[in-house]
Amino acid sequence: MIRTFQTNSVRKISELSGKLWDFTPLDGKDKTFPVPVPSAWETYPGYEAYRGEGKYSTTFTSEGNVRLLLKGVSHTAKVFVDGTMRGTHYNAYTPFEIFLKGLPGGDHLLEVIADNRFSEESSLHIPNDYMSYGGITRGVVLEELNCAYIKWIHITPEKKDETWKAGLTLCISNISDEDISLDATITINKTDLKLPDITVKANTESLIQTETAVSDAEEWSMEHPKLYTVEVTLFKNGSAIDDLTERTGFREVKIENNSIFLNGKALLIKGLCRHEDHPAFGCAIPFSQIASDLQTIKDMGVNSIRCVHYPNDEIFLDLCDELGILIWEENHARGLSEEQMRNPNFERQAEVVIREMIMNHYNHPSIYIWGILNECASETPYGRECYKKQYDLISQLDSSRPRSSASCKFKTDVCLDFPEVVSYNIYPRWYHNTPVREYLDDLYQWVQIETPGKNKPFLITEVGAGAIYGYRSPAKVKWSEEYQSETLGEQLTVILEHPGTSGLYIWQFCDVRISEEWYLNRPRTMNNKGIVDEYRRHKLSYEVVKEIYTSYGNYKES
């Protein structure tokens with residue numbers, strides 16, 4: 001399963017995932033066995049801690065112009081067709097395509113070599129406080145194309161004079177060796193927009209920008225997440241040769257008066273952070289488990305999820321669109337020092353992640369903000385240069401959403417002039433014993449008095465405490481469920497009552513596996529700050545969070 005809705009009718013597509021492939025660990029043992037794709041090889045018996053390369057193999061039958069879309073390979077991929085390498089990709093969390101022009105008819109061998117090793121060539125996948133799994137961890141699709149195809153469409157909703165408009169940017173790719181003339185239609189809410197006489201030069205892409213009013217459009221909101229399909233059909237000489245269906249929701253996010261506004265209402269974020277992690281599936285979490293997790297999350301009164309620390313599977317985003325859950329999505333970077341950011345591959349690899357994230361996830365109405373560079377070197381002049389470049393890139397790609405980065409640099413961050421929203425990760429009563437109110441007031445006053453972040457919305461993007469499931473202590477010592485629930489109760493109450501904050505994100509939904517090389521003070525080689533454990537069993541803090549979150553609405557009181 002790739003999406004929760006049908007994306008094509010004219011274009012012939014087939015899913016290559018959702019079945020067994022042959023897997024060969026490249027560990028010198030000459031062993032091959034069948035495995036499901038998608039999956040993480042840490043879930044295969046005997047490979048629970050394997051770092052290295054592994055080859056996935058399957059066959060497909062096709063011919064002509066073929067596009068292979070791989071949604072996620074961890075964390076470096078080499079793709080071979082019939083023994084010839086046809087492409088490579090770095091980063092586990094963004095999709096990429098392999099284009100096969102004029103493929104001969106018949107059966108073909110597809111091989112994908114995944115590599116989850118850490119090296120100097122990898123600036124983003126490093127030993128960290130989460131697990132870098134190995135394998136083909138998201139879906140794989142085969143598409144058979146004509147002489148031209150719709151590469152993507154971006155839909156930007158905007159309300160003008162009480163009428164919803166859809167700004168449309170359409171990318172058409174001509175994959176033939178001749179210039180061609182095409183027509184297109186775009187259908188939104190039963191209204192057809194015709195785009196005649198589009199000339200696209202040979203072997204190039206063409207961008208078409210237009211706008212249309214959408215009559216009687218209903219707003220997308222947390223309470224009423226109304227979605228509309230946007231259907232694009234491409235014609236040549238009157239015959240349909242390609243199509244693409246996307247979804248959108250009509251909502252606007254604006255920054256005004258120190259607050260984040262959704263459709264004119266000031267948001268109160270009642271959020272939590274979520275990693276893609278499960279003991280049975282690794283990071284390759286199936287639809288049913290994602291849906292179950294979201295039911296649990298909504299039961300707690302959560303209205304927003306922060307995707308840490310990488311772009312998430314599009315199935316998850318589709319479900320959040322449908323359920324009305326707001327999403328903070330960020331590029332892939334966590335806790336990088338200045339030395340690590342000086343890796344010669346860092347800027348290029350980070351830029352590619354941003355481009356692929358926004359290109360592929362632009363249309364999700366649930367995504368209300370883009371984030372970058374969690375807890376990186378925002379306190380140094382060199383770090384500041386990196387932050388500025390990435391913030392500028394996001395503005396070029398999408399000016400309709402605000403930007404932010406979760407900082408942990410207490411009263412030393414020098415990048416607060418760049419984002420529209422100031423965000424901080426704080427752990428009073430966990431990593432230090434400062435009272436929550438005192439710590440928050442001190443930080444907030446510094447932002448407002450001494451930094452260019454003053455008069456901007458202020459979010460707490462991480463707060464929490466650890467607990468080992470089942471460890472109870474009348475003394476309420478650290479790592480006990482009693483200590484976590486008491487601490488979270490104080491943290492949430494103080495933050496939500498603070499007049500200057502726009503809300504918070506709890507660290508985190510569930511306990512998650514971390515890199516063995518980065519164990520630090522993590523019992524069980526896990527980050528144990530989950531409100532539920534890795535098997536989704538409720539800790540005592542679950543009911544505390546639910547009671548507090550459900551006592552607040554989704555918006556600030558005026």
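**A sheet and a helix pair**

A: Let us begin with an open sheet of three strands in the order E13-E14-E17, paired in antiparallel fashion. Its edge strands, each pairing on one side only, are E13 (148-160) and E17 (205-213). Strands (E, at least two residues) and helices (H or I, at least four) are DSSP runs numbered from the N terminus, and two strands pair if DSSP finds at least two bridges between them.

The model is predicted: local features need pLDDT of at least 70, side-chain atom pairs count only at pLDDT 80 or more, and totals for chains, interfaces and linings use all residues. Residues are numbered from 1 along each chain as its sequence is written, and side-chain values use heavy atoms, leaving out hydrogens and water.

Q: How many bridges join E13 to strand E14?

A: Twelve bridges join E13 to E14 (residues 163-174), and the two run antiparallel. Glu-158 stands opposite Lys-165 in E14.

Q: How do I read two packed helices?

A: Two packed helices are described by the angle between their axes and the distance between the axes. Here, H6 (residues 436-450) and H7 (residues 481-497) pack at about 40 degrees, with axes 9 Å apart. Axes are lines fitted to C-alpha atoms, for helices over the stretch in contact, and angles run from 0 to 180 degrees between N-to-C directions.

Q: Which residues in H6 meet H7?

A: Val-436, Arg-437 and Leu-440 in H6 meet Glu-490, Gln-491, Val-494, Ile-495 and Glu-497 in H7, where contact means heavy atoms within 4.5 Å.
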